[in-house]
Amino acid sequence: MSDPSESKVKYYGIPFVLLFGFWLILSPGISAQTVFLGGAVSLLVVIYSKDLLFHEDEMPLYRLKHFLNMMHFIGILLVEIVKANIDVAKIVLNPALPIKPQFIRVPMMLKNDMNKVIFGNSVTLTPGTLTVDIDEDGFIIHALTDEAAEAMKDSFIETWVVRQEESE
Amino acid sequence: MIQNGLIVILLVGGIFFFLVGTMGLLRLPDAFTRMHATTKCDTLGAGLVLVALIVHQGFHMISLKLLVILVFIWITNPTAAHIIAKAAYHSQEKPSEVKVMGKE
């Protein structure tokens, strides 16, 4: 584990930088006034919500290696999202409506909450699958077709998230 | 010229996916299958329209703001779908057999 002062910098620093960056993007222009006001407000928000912030071990993305992995994963996911949309479009436009709705269960393999969120949301975004519920045993996923259900057997999302969790 | 062509292609694509999403909402039988159509087609529909606007603006502060909108849509859309699906799942009888999929 890294020394406590460094993790404190991350604990307060990263939310501050995110809030401040968000402020700067939304502000009409960068001037002394917006920068000063934004900095002050971001600092206040971080101080006031200091009990709500993520610890480093709760939030894997605070580590640079994991963040870069995540960016790579988002790249793959974007391609899958486009495929998902085309697949669903084909099914919806097909006059025969070839669907076979079914629930499937993917056994729980994650401990970290953030990784669960990433897995659930990524599944919802990929072809014909929708995360319905999460319990202790696993994810309940609704699949639109047999192929979509089969694809969950060995999906790249699962492989990636499990690898991510193991590299803690 | 090329820029305009690209914008038209992206906009038409975005509108196409919105159309498909709406048709899916009307044609598919129950809540879960309808969620499939609406979430998928809204993400890419709204995504393509926003990318078209980014291309129209070029490299500009407004493009950055549009990108932020896009990122938030793509985070909130599956989350909202999940909540709706969860509510539907808990308000009906549990399916008797649930196939287990996943790595052994």
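**Reading domains and a helix contact**

Modeller: The domain assignment, whose bounds come from an automatic or database source, divides chain A into domain 1 (4-48) and domain 2 (60-166). This is a predicted model, in which local features need pLDDT of at least 70 and side-chain atom pairs count only at pLDDT 80 or more, while totals for chains, interfaces and linings use all residues. Residues are numbered from 1 along each chain as its sequence is written, and chains are lettered from A and ligands numbered from 1 in the order in which they are written.

Biologist: At what angle do helix 4 of chain A and helix 3 of chain B pack?

Modeller: Two packed helices are described by the angle between their axes and the distance between the axes. Here helix 4 (residues 113-125) of chain A and helix 3 (residues 61-90) of chain B, both DSSP runs of H or I with at least four residues, pack at about 90° with axes 9 Å apart, the axes being lines fitted to C-alpha atoms over the stretch in contact and the angles running from 0 to 180 degrees between N-to-C directions. The two helices are therefore roughly perpendicular, a term that covers 65 to 115 degrees.

Biologist: Which residues of the two helices meet?

Modeller: With contact meaning C-beta atoms, placed from the backbone, within 7 Å, G120(A), N121(A), T124(A) and L125(A) of helix 4 of chain A meet P78(B), T79(B), A81(B) and H82(B) of helix 3 of chain B.

Biologist: How many residues of chain B are in contact with chain A?

Modeller: Across the two chains, 32 residues of chain B are in contact with 35 residues of chain A.

Definitions and conventions: Angles under 35 degrees count as roughly parallel, over 145 as roughly antiparallel, 65 to 115 as roughly perpendicular and the rest as oblique.
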